[in-house]
Amino acid sequence: MSLFRKKTVTQILSDASEGESSKLVKTLGVRDLTSFGIAAIIGAGIFSTIGLASYNGGPAVSLLFVFTAIACVFTALSYAQFASTVPVSGSAYTYAYVAFGEIFAWVIGWALILEYAVSNMVVAISWSEYFTSMLSGFGITFPKYLATDYGSASRAFALVQQTKQAGTALTTLPENTRLLADAYANAPVVGNLHIIANLPAGAITALITALVYIGIKESRTASNILVVLKLGVIALVIGVGAFYVKPANWSPFAPNGISGVLSGVASVFFAFIGFDSISTTAEECKNPQRDLPRAMLYCLGICTVLYVLITLVLTGMVNYKELGVSDPLAYVFQKVNLDFVAGVISVSAVVAITSALLVYQLGQPRIWMTMSRDGLLWKRFSRIHPVYKTPSFATIVTGFLVAIPSLFMDLKFFVDLTSVGTFFAFILVCAGILYLDAKGLTAQSKFKVPYINGKYIIGVVLLAVLAYALTRPDINVLKTLEDKPLLVVFWGVWAVLAIQGFRYNFSLLPVIGVLTNLYLMTELGASNWQIFGIWLLIGLAIYFSYGFRKSKLGLKEKAIEG
């Protein structure tokens, strides 16, 4: 039995129409799907991580949003073609099963589980920060030791102690560091262990899981309402903030150079992931082949414009050095003495971020459901609730998987980690389109990536870029490769694409999608890759101990051979 056994489009459509998953309710239209996409993309990214990216890169981060959006557009076009060809749940997992085979499908499915779970942990933690900030605005003090993670509090406490021993004034430390240190000092102690946990993050995850468990119609209605509110808040920020922009704050535009701008890749890219979550609801769409492609492109276009405008307003209202805070939108209005607007933003952010949490929590169980339907995960994951018509067991497991880590882990760890799995999925989806087009397997697709022949362009541009890099005296190629060893993989993949593109007349846009996502991957830290590697090893252990033996496709092969 082969690790690379593939499912045909006909097989996948047949499997989706049989068994438990056929009980899903087809209720979503293009407006609902676009709303889900906006809900996922404009979440913790715009209310939280956008500040950190601006702090590191300055006003030029607005260009990074454009660059990342372009990478996402190429990827979204590939997703759209796949969604039109294979209109079933499972997202990139299902697409990889068709294009590359079972082992790749498993790896991508396992990476998507990490992406969705980790993304939701970030959103839940960000929600907690805005929630406690909102309470303080109403004069209610929520104990800090019950609204943060143990690691951040203990590190802050240690830093405060070191500062005291050095005889340095504590006022030199950021206010948030001092608050976290106080939280550690004031937390209840059992033995030698300080009782510190992020209770709001765990609580909101539990509530959203309950909503997703109850049904897709209820989730759709809640999402649509929350998205309208969210867009209203963003319009308020842009409209009011534009009057307080000082062009002097945009100079220098890139204070830390290109390296400072690119250091925000993980944060910025995290702000965009989510459009792929639309594809996980394919089996609950009224007309998935028409509506999924449209919704993906609509939500990406809308969100890109909003992100760029928000970034320019934020960095224009205050100096970029002041944006390294967890609630940048509320912070900048406090700085210009518009406390009422800051209060509205804090209250609205609590509600608006909830919509992102809802979409991610909706998507992950459906990936598990699809993997279970193929026999790669335990059968219980594909069980559909007889009343609510949702993947009930998978939804409950997702709730626990997100809620428990969000109680105890910190935000930055998750932001960096989620991008690795996402880039990996995006690259395989773009590469999958190249493979299917070369084999003529997408001829009947109702949506296709616009075709631009890359036969000569891919190789010519590669040679031109290499020549430029090697002849520039200010570029030390060996030093660059030593700092970023993944660049070797990037150049190697580009060379392979140039050769194969010449042989098979590859479409240029999916190639650009592969290369831009792969380049952005090179900007991620080594620790992210180490954790991602451990996650993949765990996944492969599960696959070879269970999935490989229980795979329905494998059992069919075995029956035929027998």
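Select helix H18 (457-471) first. H18 gives the lining of the second largest pocket its largest share, 5 residues. Helices here are DSSP runs (H or I) of at least four residues, numbered from the N terminus. A pocket is an open set of points on a 1 Å grid over the protein atoms alone, with protein on both sides within 12 Å along at least five of seven lines, and lining residues have an atom within 4 Å of a point.

The model is predicted: local features need pLDDT of at least 70, side-chain atom pairs count only at pLDDT 80 or more, and totals for chains, interfaces and linings use all residues. Residues are numbered from 1 along each chain as its sequence is written, and side-chain values use heavy atoms, with hydrogens and water left out.

The lining has 17 nonpolar (Ala, Val, Leu, Ile, Met, Phe, Trp, Tyr, Cys, Pro), 3 charged (Asp, Glu, Lys, Arg) and 3 polar residues (the others, Gly among them). The pocket volume is about 740 Å³, where a volume is the space filled by probe spheres set on grid points joined across faces, edges and corners.

Now select Lys-7, Ile-12, Asp-15, Tyr-93, Thr-94, Tyr-97, Thr-370, Arg-373 and Asp-374, which line the largest cavity. Helix H1 (9-16), helix H5 (92-99) and helix H15 (339-373) each give two or more residues to this lining, and H5 has the largest share, 3 residues. A cavity is a set of points where a 1.4 Å probe fits but cannot get out. The volume of the largest cavity is about 50 Å³, and its lining has 3 nonpolar, 2 polar and 4 charged residues.

- Ser-251 and Pro-252: a cis peptide bond joins them, with omega about 0°. Pro-252 lies in the loop between helix H10 (216-241) and H11.
- Lys-389: this residue, in the loop between H15 and helix H16 (392-408), has a positive phi of about 60° although it is not a glycine. Lys-389 is partly exposed at 27% relative accessibility; the class runs between buried, under 20%, and exposed, over 50%, with a 1.4 Å probe and protein chains only.
- Asn-505: look in the loop between H20 and H21. Phi of Asn-505 is positive, near 55°, and the residue is partly exposed, at 30% relative accessible area.
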